[in-house]
Amino acid sequence: MTGFAEDLALISQAAKAAGDLAMRYFRQDPKVWWKEGDSPVSEADYAVDALLKQTLLDARPGYGWLSEEMQSADLQDVGSARFFVVDPIDGTRAFLRGEDTWCVSVAVVENGRPVAGVIAATALGEHFEVTADTPTRMNGVVCRASSPGPDDALRLAVPDSMRKRLHEAAGDGVLLEKAVPSLAYRLALVAAGRIDGTLVRPRANDWDIAAADLLIERAGGLLSDRHGAASLYRSRGKRHGLLVASSLSARDRVRRLADVIPDRTET
């Protein structure tokens, strides 16, 4: 089996090509369809997904495949030791609005955990990559999660539906940054130390978080459920409960804030 470095080189190059392809549709009024749950999908999503699937599976025919654009009937566990987890465009709504906070997210998973990951925020010129045995890098420079002091206000970016509850719970102890519509990119900001943490609403899918999970871990942070358990990934995918992402130094404070968010919060 190939090593983590070889897989990273493959998915990094593929994600760059996918981001370049997405840019050909960006701000060009691509065709849009609506999936179950009133979620948009565009011709750009489908084109990027097709490119990634062909590129990655041609190079690793023995790997499994999990993508946001798979049909539900195709979501099943496979016997592959490793599998790709792909979100061709995370932040499709932002992409369609012409906002630049979207990304291509690609991970390789083995034994339930990501071992290589890439997030390509092409419109922003930012390329994050990591393996299970190397540090997180953005545009080639090592990233570290933040180290706020116990008296420092926490810089958090959260969905709008959580803002009021967190403000009421923490007051001046939290600085709420502008909402980031792409979950994968928001998590990458934790890995880069630009924010101290975030909360993820229940029902996030594997493809939303797998690559960013490893970015955060190798940058000195943690993505887990509210009880501290790390996420496990499977080739047929699953939805997760409320998740907490933060630097290790902010971990206890962010987890306490998560207690004010009910598990029934909708995506």
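## Charged side chains

The protein carries 33 positive and 38 negative side chains, and the centres of these two sets lie 2 Å apart. Lys and Arg count as positive and Asp and Glu as negative, while His and the chain ends are not counted. Each charge is placed at NZ of Lys, CZ of Arg, CG of Asp or CD of Glu.

## Basis of the model

The model is predicted: local features need pLDDT of at least 70, side-chain atom pairs count only at pLDDT 80 or more, and totals for chains, interfaces and linings use all residues. Residues are numbered from 1 along each chain as its sequence is written, and side-chain values use heavy atoms, without hydrogens and water.

## Overall fold

Seven helices and 16 strands form part of the protein; they are DSSP runs numbered from the N terminus (helices: H or I, at least four residues; strands: E, at least two). The radius of gyration, taken over C-alpha atoms, is 17 Å, close to the 18 Å that the globule rule gives for 267 residues, so the protein is as compact as a globular protein of that length. The globule rule is 2.2 Å times the number of residues to the power 0.38.

Of the 267 residues, 53% are buried, meaning under 20% relative accessible area with a 1.4 Å probe, protein chains only.

## Helix H5

Helix H5 spans residues 183-191, and nine of its nine residues are buried, so the helix is largely enclosed by the rest of the structure. Among these buried residues are Tyr-185, Arg-186 and Val-190. After H5 comes Gly-193, which has a positive phi near 75°.

Definitions and conventions: Buried < 20%, exposed > 50% of the residue type's maximum accessible area, 1.4 Å probe, protein only.
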